[in-house]
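This note sets out a few points for a student who is reading the structure for the first time. Please keep the sequence and the model in view while going through them.

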Amino acid sequence: MNKAIDLVNGNIKTNIVKFAIPIALSGILQLLFSQADIIVCRYFGSEFSVPAISGTNSFVNFMLNFVVGFSVGANVCISNAVGAKDKEKGERVIGTSMIFGLVSSIFIAILSILITKPALKLLNADAQYFDLSVQYLQIYFAGVPFIVLYDFASALLRGMGDSKRPFYFLTAAGVLNVGLNLLFVIAFNMDVAGVAWATTISQGVAAILCCIVLIKSNLFANFHWKNCIFRKVELVEVIKVGVPASIQSSFFSISNLIIQSSINGFGTDVTTGSGAGASIESYLNTAQNAFGQACIAFVAANYGAHNIKNIKSSFRWCLIYAVGISAILSVVSCLLRYPLLSLFANTPESMEVGSIRVLINCGSYVLYALTDCPPYAERGMKYSFIPMLISLIGICGSRLLFIFTLFQLPQFHTPMWLFLTYPISWVLTGVAHLIAWYIISKKTFAKIEADAKLAVENN
């Protein structure tokens, strides 16, 4: 337990920072996994290697997000067990979550490989890089079980207060990934296939190391083979929280797929420029989302401990930190957009498109923090359906409504208007989430107080 942060006791605002920093760094390393692919291919790959990879991001996220969303359920359930100090419950959650993650990831891997070609056709992937995209994706999807196992194992470790070791393992895997990229692409001339294999191998290393920690380390609860079965109670609890989170992530991906298809229709330069801008944007998302991940762990643990004061404090400080880091990185990304974009884009046209996306999306990213922390806090108290519904209507609904109405008109049929759908949807959804948090927390706190009063009367 010496590596774990206490989610219930101690200084909440300080512990949140200590907990969130390794998560942010882990997320950045995961981004470097994929973006190292693009950078290496730009300088050492073939002519169309970069759009072949950058044009597939939405499809990859769509296929992964549904199963990875269940790791949210695993995180909440293990944190609840920590707060309630129920070790046996925690070990049942770990076993059930890991076997569920493995089985579902194998299914997703097979399905993804089978539908790669028709999916790319629906996305209007350019014929110039179509075959390269297929090659990259089919190898990448073969490694999906490693990606999912790492996400489940790291979610369980974070739920027990250990956010450091997943970061350490991802650091080692990141160094391996870059080395293999250079080896496969430069020495073996494998192009996009080389970077796909490098990602798969390095993710496998990170997943195996996290699983070893769950088995052997002195944690609140450990993985035991006897618990590696589908236990009905724990599986239902994980699914109850995870299904809405997975549906939300999948529908996010669907709306992004449709936007990506529209972007691809403008040609290779727009695809590359938008992908470059999205690459920068992803770093802002990773930094502020680390506090969202902290929010769900701290709120869930204190919900399990019935500590209302700490639930309020956890949400408040996570939101403050998320807004603060988003504001700082928004300014930095806008000021340094051209040197940053030059890492991913290589033509004046693609640079200009990327600049527009950075100014619009990164420049307003502080709004996204308002759509991220509240639903994490609500899920920490086992309210998962309402945040899903708000996000689907506010983010997915508003974007799809624009694409199928105004975007069809000539004056709105531009990449800039596609990018503007992001901040507009963030405003609508953020306001709705804050209202929902107020209502849900008031109801939850009243129930906790009533249960505590009843317990006192019964004693």
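1. The structure holds 20 aromatic pairs, where rings of Phe, Tyr and Trp (its six-membered ring) pair if their centres lie within 6.5 Å. In one of them, the ring centres of Phe167 and Tyr168 are 5.9 Å apart and the planes stand at 50°, so this pair is tilted; planes under 30 degrees apart count as stacked, over 60 as edge-to-face and the rest as tilted.

2. The model is predicted: local features need pLDDT of at least 70 and side-chain atom pairs pLDDT 80 or more, whereas totals for chains, interfaces and linings use all residues. Residues are numbered from 1 along each chain as its sequence is written, and side-chain values use heavy atoms, leaving out hydrogens and water.

3. Phe167 is buried at 19% relative accessible area, while Tyr168 is partly exposed at 42% (buried: under 20%; exposed: over 50%; partly exposed: in between; 1.4 Å probe, protein chains only).

4. One aromatic cluster is formed by Phe266, Phe402, Phe407, Phe412 and Trp417.

5. Ser441 belongs to helix H17, residues 415-458 (helices are DSSP runs of H or I, at least four residues, numbered from the N terminus). Ser441 is buried, with 6% relative accessibility. Between Ser441 and Ala196 there are 245 residues in sequence and 44 Å in space, C-alpha to C-alpha.

Key. Helix = DSSP H or I, 4+ residues; strand = E, 2+ residues; numbered from the N terminus.
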